[in-house]
Amino acid sequence: MKKHPALSQQAKQSRQALQTTLCDGSWSSGYIPSPTSSNVTSQRSSRRGSANAWQPSSAQITKSQAAAASFSPLRNAARDVTSRGQRPIQQAPANAPLEPAAVRRRQTNRPRHVQQKIDASADPPLWSHSRRWTSGEKKELMAYQKMRQNIHYIGADDSPFVPQNAAELAALKFTVAEERRKAIAIKVERLTAELSKKGTLGPKASIKGHSLFCLSNTCFDDKDEMDGEIWPTIVQLKEEGDRRAEGARRQLPLPEKVYRGLEYSADNPQQVARVRVTLFNHHLDKHGSDKMAPSTTLKLTNRSPKQPIKRLPASIDLPAGATVEDVKKSIAKQAGIGDFNRIGLFDTTTKKTLKDRRALISDLPAVFDAGEVLVKDLGPQIAWRTVFLIEYFGPILIHAAVVAARPYIFPGGDKPMSNTQWLTFGLIMAHFFKREFETAFIHKFSANTMPVFNIFKNSFFYWTFSGLLCAVSIYWPSSLAAKANEPAIDAAGTALYLFGEIGNALVHYYLSTLRSAGGTERKIPAGYGFGLVTCPNYMYEILAWIGVIIVSRDWSVALFIAIGGAQMLVWAKGKEKAYRKEFGDKYKKKRYVILPGLL
């Protein structure tokens with residue numbers, strides 16, 4: 001196939017022009033024509049019948065030759081290096097941009113004063129923008145420049161809260177670091193003070209040749225004062241090491257299980273802390289009055305401005321290891337109040353009473369950090385044990401009196417009572433005698449007293465409902481119990497009553513073993529129905545009274561246990577909430593609190 005003569009001539013001219021441009025150094029002007037584009041242009045021109053094919057103009061050729069002449073030494077050097085077989089050194093072109101295109105576009109859109117501030121605080125740009133490695137200072141500067149761009153975008157260039165240059169940014173970082181250092185120093189000082197106030201092991205401090213790590217006399221004393229001192233046995237040291245291995249707090253073992261008349265259990269942290277404080281104070285007393293004895297000043301404020309304590313001191317000084325009960329005793333002594341149990345202490349923030357009388361003040365963050373406590377006179381007090389003895393004695397007295405006076409207060413009361421009535425009388429009397437025995441010898445109360453007025457409120461319920469109402473209704477000559485003559489029902493009710501009373505007594509005894517004498521600590525109970533409900537003692541008591549209802553067939557007993565069960569439900573929900581709050585994940589949450597599947 002023959003080629004068109006015009007096309008062949010145009011292609012030849014295009015190749016000659018390209019060779020001339022390359023040889024004359026036209027690359028220095030930044031323009032290199034494409035052979036493909038030349039051919040395409042020539043073809044298009046020929047198709048349109050145009051005789052003007054593309055050719056470099058005389059001005060372009062002259063410019064290329066001048067540039068080639070100006071760069072001839074560089075071209076010769078490159079040619080020499082190439083001739084020796086080495087790679088030529090690449091140099092930056094004279095017109096190479098110093099920043100990426102994105103940065104140049106942003107610079108053209110910035111106001112002049114903003115660009116001047118950025119240029120003044122920035123380092124001179126580099127033509128090579130390699131991302132292989134960037135110094136930390138450079139990264140911070142880039143982050144600062146980006147922040148400045150964002151601030152400019154939202155129109156907050158002149159905000160006084162934003163650093164205007166790198167120097168102000170560095171000053172701001174230094175200020176923040178200094179504030180953090182001060183905060184850490186304050187926290188360390190506070191924790192050190194807390195440790196010293198607790199009387200536990202803390203930083204070493206020399207006290208006449210002794211250290212806080214040794215709170216009793218040692219063999220390194222100048223004088224031999226070891227007579228009468230009882231040191232830890234190998235068994236006690238091993239027990240302490242085992243506890244430390246289990247993740248317990250590291251501390252020295254106690255010298256003995258009974259120290260200076262103070263009994264303690266290793267599982268009771270409050271008793272252990274009290275003995276350690278005694279050890280600390282005894283050591284300080286032996287070695288002078290300059291004993292660094294840690295003390296706490298507690299500010300006192302009246303809880304009720306309308307009924308203030310007239311002689312309430314503004315503040316009191318407490319020794320190390322002071323408890324809530326110690327604070328009450330100190331306030332009562334200075335305020336001239338005979339019974340310290342009348343003093344009520346309340347948190348300044350939550351306004352809640354401080355119930356745990358054995359709790360250390362240093363272990364109550366809300367009180368210790370604030371250094372203040374609210375005080376109120378609770379009025380005349382009566383012991384919890386006394387209240388229970390009185391309220392349980394009422395039904396015993398009333399039932400016995402009604403049975404004795406039956407011929408005189410009931411019409412037809414001279415007739416003898418039925419067997420069911422006598423059985424009901426025995427069940428009720430046995431229940432309240434059991435409660436009296438438990439109150440006197442089994443129960444351990446976390447609080448010492450309650451207001452005297454509560455004795456009337458508590459006694460009214462027992463004396464009225466379980467005492468007078470039940471006695472009159474059951475022992476009435478025409479009651480259902482007087483007409484009953486079904487021994488099988490009486491036996492079933494008695495069996496359920498015995499099951500409930502025995503279970504209730506076992507739970508009460510078990511709970512008493514979880515708390516030391518005079519202690520307020522709490523443990524997670526197990527067994528005896530605690531896997532089913534929160535308070536199995538309430539469950540057993542309700543079952544026992546259901547047995548009394550079956551035997552007596554009387555509505556008054558059902559009314560009494562219905563009211564009492566509602567109150568027990570409220571108490572049981574409170575205990576469930578307290579268990580969850582105090583023990584967290586260690587406590588297995590219960591869905592039912594007194595009756596499984598019901599309540």
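Modeller: Let me start with a term: a helix here is a DSSP run of H or I with at least four residues, and helices are numbered from the N terminus. The model we are looking at is predicted. By that rule, the protein has 20 helices and eight strands.

Colleague: Thanks! Where is Tyr528 found, in terms of those helices?

Modeller: Tyr528 sits in the loop between H18 and H19.

Colleague: What makes the phi of Tyr528 worth a remark?

Modeller: Most residues other than glycine have a negative phi. Tyr528 is not a glycine, yet its phi is positive, at about 55 degrees. Arg553 also has a positive phi of about 55 degrees without being a glycine, and Arg553 lies in the loop between H19 and H20.

Colleague: Why is Tyr528 called partly exposed?

Modeller: Its relative accessible area is 42%. Buried means under 20% and exposed means over 50%, so a value in between is partly exposed.

Colleague: How do you know whether Cys470 and Cys535 are buried or exposed?

Modeller: The same cut-off of 20% decides it. Cys470 has 1% relative accessibility, so Cys470 counts as buried. Cys535 has 2%, so Cys535 counts as buried too. Across the protein, buried residues make up 36% of the 599 residues.

Colleague: Let's turn to the helix packing. Why are H19 and H20 called roughly antiparallel?

Modeller: Their axes come within 10 Å and cross at roughly 170 degrees. Angles over 145 degrees count as roughly antiparallel, so that is the name for H19 and H20.

Colleague: Which residues make that contact?

Modeller: On the H19 side they include Tyr538, Trp545 and Ser552, and on the H20 side they include Phe560, Met568 and Lys575. By class, the contact has 12 nonpolar, one polar and two charged residues.

Colleague: What makes H15 and H18 roughly parallel, then?

Modeller: They pack at an angle of about 0 degrees, with their axes 12 Å apart. Under 35 degrees counts as roughly parallel, so H15 is roughly parallel to H18. Leu423, His431 and Glu438 of H15 are among the residues in the contact, as are Asp490, Tyr497 and His508 of H18. The residues there divide into five nonpolar, five polar and four charged.

Colleague: How many residues are in the largest nonpolar core, and which have the most contacts inside it?

Modeller: That core has 49 residues, and those with the most contacts inside it are Phe432, Ile474, Tyr475, Trp545, Val548 and Ile594. Helices that give two or more residues to this core include H13, H15, H16 and H18. The largest share, eight residues, comes from H19. A second, separate core has 21 residues, including Ile309, Ala322, Ile337 and Ile343.

Colleague: What does Trp545 touch, leaving out residues up to four places away in sequence?

Modeller: Trp545 touches Ile428, His431, Phe432, Val557, Phe560 and Ile561.

Colleague: One more: what share of the contacts with a separation of 6 or more comes from residues 24 or more positions apart?

Modeller: For this protein that share is 66%.

Methods: Residues numbered from 1 in each chain as written. Predicted model: local features only at pLDDT ≥ 70, side-chain atom pairs only at ≥ 80, totals over all residues. Heavy atoms only, no water. Core = buried A, V, L, I, M, F, W, Y, C linked by side-chain atoms within 4.5 Å. Buried < 20%, exposed > 50% of the residue type's maximum accessible area, 1.4 Å probe, protein only. Contact = heavy atoms within 4.5 Å. Axes fitted to C-alpha atoms, helices over the stretch in contact; angles between N-to-C directions. Parallel < 35°, antiparallel > 145°, perpendicular 65-115°, else oblique. Nonpolar A, V, L, I, M, F, W, Y, C, P; charged D, E, K, R; others polar.
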